[in-house]
Protein chains: 2
Amino acid sequence: MPIYKAPNRDFRFIINEMLDLESYGNLPGFENASEDLINSILEEGGKFTSEVIAPLNQIGDQEGCTRHEDGSVTTPTGFKEAFNQYREAGWGTLTQPEELGGQGLPQVIGFALKEMMSSANQSFGMYPGLTNGAIEALKAKGTPEQKEMYLPKMVSGQWTGTMNLTEPHCGTDLGMIRTKADPQADGSYLITGTKIFISAGEHDMAENIIHLVLAKTPGAPESSKGISLFVVPKFLVNEDGSLGERNGVSCGSIEHKMGIHGNSTCVLNYDGATGWMVGEENKGLAAMFIMMNEARLGTGMQGYAQAEAAYQNAVAYALDRRQGRALTGPVDPEEKADPIFVHPDIRRLLMDAKVFTEGSRAFCLWSALQADLSEKAQTEEERKSAHEMLSLLTPVIKGFTTDKGYETATNMQQVFGGHGYIEEWGMSQFVRDARIAQIYEGANGIQAMDLCGRKLGQNGGATIQAFFAMVDEEIAAAKSNPQLVEIATRLEKALGEQKAATMWFMQNAMTNPNNLGAGAYNYMHIMGLVTLGYMWLKMAKTAAEKLSGGAGDKAFYEAKLVSANYYAERFLPDSGALRRKLEAGAENMMALPADAFQTAA
Amino acid sequence: MPIYKAPNRDFRFIINEMLDLESYGNLPGFENASEDLINSILEEGGKFTSEVIAPLNQIGDQEGCTRHEDGSVTTPTGFKEAFNQYREAGWGTLTQPEELGGQGLPQVIGFALKEMMSSANQSFGMYPGLTNGAIEALKAKGTPEQKEMYLPKMVSGQWTGTMNLTEPHCGTDLGMIRTKADPQADGSYLITGTKIFISAGEHDMAENIIHLVLAKTPGAPESSKGISLFVVPKFLVNEDGSLGERNGVSCGSIEHKMGIHGNSTCVLNYDGATGWMVGEENKGLAAMFIMMNEARLGTGMQGYAQAEAAYQNAVAYALDRRQGRALTGPVDPEEKADPIFVHPDIRRLLMDAKVFTEGSRAFCLWSALQADLSEKAQTEEERKSAHEMLSLLTPVIKGFTTDKGYETATNMQQVFGGHGYIEEWGMSQFVRDARIAQIYEGANGIQAMDLCGRKLGQNGGATIQAFFAMVDEEIAAAKSNPQLVEIATRLEKALGEQKAATMWFMQNAMTNPNNLGAGAYNYMHIMGLVTLGYMWLKMAKTAAEKLSGGAGDKAFYEAKLVSANYYAERFLPDSGALRRKLEAGAENMMALPADAFQTAA
């Protein structure tokens with residue numbers, strides 16, 4: 001069975017040393033987040049996820065979820081009991097406000113736990129994950145009564161939540177949805193329609209499920225400007241908070257998917273189900289984006305979380321499996337062969353995975369800190385700039401990290417040779433589970449268009465300029481340090497490629513918007529490479545400081561410096577190739593008619 | 001259900017126009033291969049694979065193979081009947097010599113059929129595919145009696161074959177195998193041991209299965225120089241050719257795999273099974289490489305064959321599915337949305353797939369022609385140079401084409417958004433099936449080492465120099481043609497990167513062989529990009545000639561020119577990035593000790 005252990009040394013390095021979370025102790029919610037508290041949460045979270053959640057991962061894959069004739073759904077063996085433990089330990093309450101029964105801690109800490117959950121068992125982690133998205137939407141747009149009715153029980157984990165966007169004929173283009181909301185005299189609505197791909201849509205892990213559903217009121221505009229958001233509980237809730245009648249929403253079927261079998265991905269049929277509007281009429285999309293932005297950060301995290309789990313198993317296998325001899329002569333001459341860990345091509349795969357997962361972890365936790373600062377920083381200016389930077393980087397976290405996460409999981413499977421292809425080893429599941437993160441919460445092509453079509457121009461371009469300035473500043477400070485000069489120099493070159501690509505868009509996208517569409521994906525990847533390079537520079541700087549300060553655990557910090565240079569020399573060169581592809585523009589890409597793609601003749 | 005249609009227009013273009021197979025009519029076996037005959041084989045092969053084989057692909061994935069208590073194995077519904085049709089039509093006999101009941105046609109034609117089989121149903125195609133490998137080994141190394149006993153029935157498809165290399169503790173490092181061969185007084189051997197991952201190892205599609213098995217004779221050297229090859233039939237064969245007793249080989253279990261469920265991947269237990277040595281004692285590895293080289297070409301072909309099938313479905317979906325509007329304004333204003341085919345990022349994925357599959361098809365068919373020429377060219381010098389070029393390029397075909405094939409299948413799945421993740425659409429299967437080709441027949445990291453550690457130095461470096469000269473010559477001839485100058489110029493740059501990388505190896509691999517190991521994978525990909533560029537230049541040249549000659553089907557040839565330029569601008573830039581990674585060498589890659597890879601603490 002595959003193993004998983006929380007990478008707590010790395011979490012502590014990023015949170016306590018690189019981000020230095022204690023230094024934000026003057027901000028609300030941070031005052032209690034001492035290094036000691038953080039370390040003990042990491043410790044307990046690590047135990048819970050490795051001992052309780054991870055052992056259910058392969059079971060979930062093999063059993064999947066079962067829909068019964070009455071429409072009820074049973075989750076895999078052990079999921080319900082594990083969720084009881086999650087609820088009892090209060091893991092869902094970490095970052096929620098105290099008035100909702102939460103502990104009010106920074107998002108950074110919550111994200112560390114989310115990564116562990118996702119690495120240990122992505123399907124399981126999605127149940128509370130989607131609940132979080134629904135909580136955020138209700139917090140932002142719900143009426144006081146809605147908040148009171150739903151939020152405390154969702155925060156505690158007594159109830160879970162879902163997001164209902166997709167319909168059979170529309171996913172990305174939400175303007176086309178057909179689900180109807182008919183207003184009733186009492187202010188409620190009757191919701192009718194079919195939603196598909198609803199993760200955690202029906203299950204046996206909680207007593208109620210709170211669906212947030214996009215639907216159209218009569219006469220609403222045809223576009224995405226005619227969508228409203230509704231809250232539709234599986235069981236209606238009485239005024240005293242007890243559960244009432246079963247609402248008119250039911251699971252029609254469970255999808256057979258490539259992966260995440262442990263999560264019940266449902267077709268949900270709404271047959272005059274009673275719902276209540278959340279936020280303003282026809283402004284449902286804005287409310288939904290609150291959920292989506294939360295979910296997109298979480299999805300980016302899923303990308304590298306699967307890579308991390310796969311990596312841990314690949315390292316163990318590479319140290320155990322013996323085939324062939326080191327190119328430089330036998331390492332274990334008394335054995336019949338050396339461990340495959342000695343082969344450069346295996347080491348390449350492991351180093352690629354190491355610098356990707358560690359870099360992405362820094363990226364996601366740093367982003368979680370921006371989320372904290374966007375709410376809690378002392379000045380409006382600081383809050384605004386954190387918010388804008390996070391908004392700019394959200395599509396990069398989602399798109400780049402999940403692409404590379406899938407690639408990394410695939411590479412870790414490769415370390416196992418033929419055994420990687422056999423299900424019992426568990427490596428196939430990591431790949432199959434990682435695949436979904438590139439698709440859901442806005443397929444990665446949509447992320448690229450969000451980045452280039454919307455976010456680059458945000459604030460008249462001031463946010464992307466602020467990003468450049470932020471990276472430039474770190475580079476300039478590093479260049480005088482011999483331990484940092486190599487990564488700083490290579491990062492400067494990669495940042496130059498990104499600036500040139502940005503300029504190319506400015507000069508060529510106005511005359512032909514297809515030039516933007518043709519290069520957006522390349523741009524997203526350049527920016528991902530640069531951002532991870534920025535993270536590696538920050539990590540290297542922290543490590544260099546620790547080393548020169550005579551800190552213990554020298555090997556750990558030295559490994560960070562080696563890894564930073566490896567990232568610089570082995571990942572950053574792609575930025576130049578991506579820029580050249582981008583600068584090819586749309587001409588040849590869009591030149592051929594449909595007929596030219598149909599070669600069967 | 002996913003569709004498949006043989007890309008016959010493209011086959012005709014490559015075989016009849018680019019390779020101009022008729023111009024080799026003076027060579028044995030080519031004299032009958034007229035354009036008419038080729039076209040009618042393509043036509044019939046296309047019908048057979050799309051109408052008989054492709055409809056069984058998803059069934060095979062869903063049902064898998066079933067092992068019964070007595071060790072017998074049932075293949076998925078329809079497989080046995082389809083194989084009867086395959087046998088009756090004589091599809092397996094196309095390229096085999098007439099004295100074995102074959103039709104003696106060029107390999108090029110056989111490869112076109114293999115591609116169709118693999119695109120239509122990879123699991124099914126593997127049954128005859130492995131038989132081919134076994135046939136080649138027996139042809140090369142079998143005694144006259146062995147040839148007479150086995151080959152005609154294997155060629156006709158009455159019997160199938162397998163390759164038995166891997167054991168639980170050894171895959172790549174065949175020197176470690178433990179299966180024993182005890183010599184008997186009558187010249188036979190008793191084979192005892194366990195083999196794993198044996199494709200088509202046991203099934204109900206043929207009356208006998210001829211296993212070719214690596215084993216060790218008593219006192220054989222411990223290394224790969226102590227391996228011998230044995231033929232071990234499932235049923236012993238009487239002198240009159242009729243089937244005798246059941247031999248002591250049985251299927252212990254069927255593996256649960258990520259994909260290729262329709263092929264029975266077996267654990268085979270040899271319990272004193274009777275076998276006969278093939279070739280010389282302790283020279284089994286050389287015999288096995290005959291099978292492997294055959295298999296590696298076929299495996300490279302599988303890589304792009306899955307990409308082709310996935311691509312055809314993605315094109316159909318992109319033309320059907322409507323979401324959003326073209327960036328340049330609505331294309332179908334009367335509809336609620338445009339087909340997603342109009343979006344540049346979708347077109348990028350389709351164009352990437354198109355130029356990869358068409359380029360790879362040209363590469364594999366051109367290589368098949370080299371295989372023909374290595375046997376049948378008029379002079380020894382021509383035969384030798386074709387053989388050496390094919391030998392050099394075999395790891396590139398296997399390693400590069402399967403990597404890109406998997407990537408392409410994944411990209412085609414992405415075109416479907418969420419539907420791509422649902423098994424019923426069939427896109428997940430293409431990805432899962434494509435994955436194996438990167439692993440088996442020598443994992444791709446092994447291919448890279450074969451290329452860089454063995455093939456580059458082959459003939460004192462003369463073969464790689466011949467490759468450079470061949471590509472240089474095509475570039476030089478093209479640069480004066482305005483229709484070809486862009487691709488020629490970009491290919492020249494990419495070839496320059498390859499030459500520089502070759503030089504870097506020469507200067508740095510002697511002092512530290514890890515520098516070779518660290519860059520081998522990058523080199524394999526550079527060479528793949530250059531070789532596909534060379535193919536695109538050849539295709540573009542052919543298309544330009546057809547256009548200037550006033551040929552019909554103008555749109556087809558114009559699409560080739562656009563595609564060639566697209567390939568040049570969108571694929572070749574990676575060669576520069578790969579070279580820079582390669583030139584980073586092994587230092588940081590190999591610097592960290594095992595402890596540094598274990599971050600859970």
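UniProt annotations may be inferred rather than shown by experiment, and their positions are given here in the numbering of this structure. In this predicted model, the UniProt record (an unreviewed entry) places the feature "domain: Acyl-CoA dehydrogenase/oxidase C-terminal" at residues 282-451 of chain A. Over residues 282-451, chain A is 73% helix and 0% strand. The end C-alpha atoms of this stretch lie 25 Å apart.

One helix pair was examined in chain A. Helix H8 spans residues 284-320, and helix H11 spans residues 427-436. Their axes come within 9 Å and cross at roughly 165 degrees. Angles over 145 degrees count as roughly antiparallel. H8(A) and H11(A) are therefore roughly antiparallel to each other. The crossing of H8(A) past H11(A) is left-handed. On the H8(A) side, the contact is made by A:Gln306, A:Ala309, A:Ala310, A:Asn313 and A:Ala314. H11(A) contributes A:Met427, A:Phe430, A:Asp433 and A:Ala434. By class, six residues of this contact are nonpolar, two are polar and one is charged.

The model also holds a contact between chain B and chain A. Chain B supplies 104 residues to it, and chain A supplies 104 residues. The two chains bury about 8,800 Å² between them. Of this area, 59% is on carbon and sulfur atoms. Within chain B, the residues that lose the most area to chain A are B:Tyr421, B:Arg570 and B:Phe597. Together, B:Tyr421, B:Arg570 and B:Phe597 account for 10% of what the chain B side buries.

Notes: Residues numbered from 1 in each chain as written. Chains lettered and ligands numbered in written order. Predicted model: local features only at pLDDT ≥ 70, side-chain atom pairs only at ≥ 80, totals over all residues. Heavy atoms only, no water. Axes fitted to C-alpha atoms, helices over the stretch in contact; angles between N-to-C directions. Helix = DSSP H or I, 4+ residues; strand = E, 2+ residues; numbered from the N terminus. Parallel < 35°, antiparallel > 145°, perpendicular 65-115°, else oblique. Left-handed = near helix turned anticlockwise from the far one by under 90°. Contact = heavy atoms within 4.5 Å. Nonpolar A, V, L, I, M, F, W, Y, C, P; charged D, E, K, R; others polar. Buried area = accessible area lost by both parts, 1.4 Å probe.
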